[in-house]
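Hi everyone, thanks for coming. I'd like to walk you through one structure today, so let me put it up on the screen.

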Amino acid sequence: MEIRIGDLRHRLTLEQATRVDDDCGGAIETWDAVEVLWAALRPLSGFERETADQLAGRVTHEVWVRHRVGVEPEMRFTANAGARVFEIRAVIDSGERRRFLKCLCEER
C-alpha cells in the first residue's frame, strides 16, 4: 500500500514510558511526550470477546508516520489529549527506503 503526504492528517503524540522506583519495591510508570507527529490512521480489524464476565473489545490500526529513528514497540501514540491510546506492537520501515514507518498498533 502506498502512502501519500496528504494522508498524514491526524495529529498524534509519540510517547515513551519512564519507570521510577517507588521505594516500596515497585515502580511508577509515567508516559512522556517524545514528539507530536502528523500520521495516517487506518483501522485494520476489531472484535469483541467476553473476559471475566465483561465484554472486551480490541481494535487494530496501522499508523503511518514519516521515517524517524527511535520508534520502538515499547512506545505508544495518543490522540485527542490522551483520550485515544494506540500501543505500538511492531514498527516496519515500509519499502526499506527510510521514507515512512508503518506501526502496527492496538487501540486501548
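I'll start with the nonpolar cores and then move to the salt bridges. Please keep in mind that this is a predicted model.

Let's begin inside. The largest nonpolar core contains 16 residues, and Val63, Phe77 and Ile88 have the most contacts within it. Who contributes to this core? Strands 1 (10–21), 2 (27–51), 3 (54–66), 4 (76–79), 5 (84–93) and 6 (100–107) each bring at least two residues. There is also a second, separate core of five residues, with Ile3, Ala40, Trp64 and Phe100 among them. As a general point, nonpolar side chains in soluble globular proteins tend to be buried together.

If you click on Ile88, you can look at its surroundings. Beyond its neighbours within four places in sequence, Ile88 is in contact with residues including Leu14, Val71, Met75, Phe77, Cys103 and Leu104.

Now for the charges. How many salt bridges are there? The count comes to 11. One of them joins Arg68 and Glu35, with the closest N and O atoms 2.1 Å apart. Arg68 sits in the loop between strand 3 and strand 4, while Glu35 belongs to strand 2, 33 residues away. Arg68 has 22% relative accessibility, so Arg68 counts as partly exposed. Glu35, at 36%, is partly exposed too.

Another salt bridge pairs Glu107 with Arg84 at 2.8 Å, N to O. That one connects strand 6, where Glu107 lies, to Arg84 in strand 5, 23 residues apart.

Finally, Arg89 and Glu87 form a salt bridge with their closest N and O atoms 2.7 Å apart. Glu87 and Arg89 also belong to a salt-bridge network with Glu106 and Arg108.

Methods
Residues numbered from 1 in each chain as written. Predicted model: local features only at pLDDT ≥ 70, side-chain atom pairs only at ≥ 80, totals over all residues. Heavy atoms only, no water. Core = buried A, V, L, I, M, F, W, Y, C linked by side-chain atoms within 4.5 Å. Buried < 20%, exposed > 50% of the residue type's maximum accessible area, 1.4 Å probe, protein only. Helix = DSSP H or I, 4+ residues; strand = E, 2+ residues; numbered from the N terminus. Contact = heavy atoms within 4.5 Å. Salt bridge = Lys/Arg side-chain N within 4 Å of Asp/Glu carboxyl O.
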